[in-house]
Amino acid sequence: MQIPFNIPFYSGNECNYIKQAFDNQQLSGDGIFTKKVSQTLETLFNSKKALLTHSCTAALEMCALLLDIKPGDEIIMPSFTFVSTANAFVLRGGIPVFVDIDPLTQNLDDQLVINALSSRTKAIVVVHYAGVSSNMNKLKDISMDKNIPLVEDAAQSIYACFNNLPLGSIGDMATVSFHETKNISCGEGGCLLLNDEKYIERAEMIREKGTNRSLFSRGQVDKYTWVDIGSSYLPGEVSAAFLCAQLERGKEITDIRLMNCRNYNSAFGDLSNGDIRLMYIPEWSSPNGHIYYFMCKSLKQRTEYIDYMRSKLVACVFHYVPLHSSPAGKKYGRTSGSMHNTDRAADCLVRLPVYPGVNTKLVSDHTINFFSQRY
Ligand SMILES: Cc1ncc(COP(=O)(O)O)c(C=O)c1O
């Protein structure tokens with residue numbers, strides 16, 4: 001491909017910091033780089049505690065453990081999301097209750113969340129698709145009114161805000177991804193953000209195989225032992241060192257991605273009169289340029305467009321297979337109401353490359369040619 005869908009950003013200091021981690025003679029987790037990155041994330045997300053994990057998936061699994069999800073408990077979430085949003089809870093016996101999305105933002109429709117509540121609802125998980133914020137006032141109101149914890153799957157949302165509040169800082173807890181495809185990455189990595197102090201001590205134990213090792217490291221107990229269920233969710237220092245270098249240029253990376261999105265928006269203004277529908281950003285949302293997408297009119301049009309772009313050596317891609325229609329989603333979850341908007345997003349949404357350095361002019365020119373020739 002002349003223009004691949006993603007090229008990971010290299011900030012310049014990653015290898016120096018990895019060498020430093022080696023020189024520090026600590027490659028396991030919770031060393032100097034882990035601590036530095038955690039502090040940076042706590043400031044960035046205005047969070048009570050940021051715990052680095054080896055993936056956003058791991059952080060979601062920690063949420064399910066922290067919330068004591070038991071067999072039969074229901075967790076309300078969108079179906080238009082990555083499998084880990086649901087799988088993390090299914091591992092504890094939870095039942096994902098899939099709710100349709102708002103066709104403008106592709107995020108949970110808050111009105112439908114109310115319809116999906118039951119006496120067994122134990123959590124609401126919101127996903128900020130493409131780094132565009134859900135209506136957090138409405139979801140927070142539902143969560144507080146019903147006393148049901150709100151989890152933000154902010155995998156895609158670093159540096160994005162809802163009414164100037166960082167996404168990931170509003171729910172009771174939140175998860176972030178540093179997978180290679182994300183704006184800020186360390187290959188595989190993630191973070192659990194805790195916005196309520198009551199979860200911190202137990203979360204540290206869950207992340208350390210169910211032991212109180214963190215208390216021991218801080219001199220708060222004289223030996224460490226097995227105290228709870230947990231697993232090995234702590235990443236090593238090599239990942240943290242890589243991430244440290246990325247975060248130093250995080251704002252700059254975000255600005256470049258946002259500029260690429262603006263370039264596409266200006267180029268496609270005329271097409272949005274009927275051929276396609278451009279991404280919608282609600283007034284409460286300041287996004288982070290994680291994804292640039294538009295909506296085609298039909299699956300047929302999208303398939304033709306993706307094939308045309310591939311013939312021009314440009315990779316444009318669709319996104320999720322909705323969880324409610326996946327084999328495991330059918331087996332472990334259930335739907336609440338119609339999934340019309342979710343199915344439509346699955347059929348019609350197409351993502352364009354936005355990584356720093358992508359030739360947006362070339363991608364735009366090919367796109368405009370396609371729609372002017374065929375539609
Ligand atoms: C919404 C959402 N949640 C969770 C994940 C899982 O992230 P990770 O690959 O870091 O486990 C992703 C990954 O793309 C995602 O998009």
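Predicted model: local features only at pLDDT ≥ 70, side-chain atom pairs only at ≥ 80, totals over all residues.
Arg334 forms a salt bridge with Glu74. Their closest N and O atoms are 3.1 Å apart. Polar contacts were also counted across the interface of the two domains. There, 26 residue pairs are in polar contact, with both residues at pLDDT 80 or more.

Helix 4 (83–90), helix 5 (110–116) and helix 9 (237–248) each give two or more residues to the side that touches domain 2. Strand 3 gives the most, with 5 residues. By residue type, the domain 1 side that touches domain 2 divides into 24 nonpolar, 16 polar and 4 charged residues.

The two domains are set out along one protein chain. Domain 1 spans residues 14–248, and domain 2 spans residues 250–374. The C-alpha centres of domain 1 and domain 2 lie 26 Å apart. In the contact between them, 44 residues of domain 1 meet 40 residues of domain 2.

The area buried between domain 1 and domain 2 is about 3500 Å². Carbon and sulfur atoms give 56% of that area. Within domain 1, the residues that lose the most area to domain 2 are Phe80, Phe98 and Asn183. Together these three residues account for 19% of what the domain 1 side buries.

Methods: Residues numbered from 1 in each chain as written. Heavy atoms only, no water. Domains from an automatic or database assignment. Contact = heavy atoms within 4.5 Å. Buried area = accessible area lost by both parts, 1.4 Å probe. Salt bridge = Lys/Arg side-chain N within 4 Å of Asp/Glu carboxyl O. Polar contact = N/O pair within 3.5 Å; in protein donor to acceptor, adjacent residues only side chain to side chain. Helix = DSSP H or I, 4+ residues; strand = E, 2+ residues; numbered from the N terminus. Nonpolar A, V, L, I, M, F, W, Y, C, P; charged D, E, K, R; others polar.
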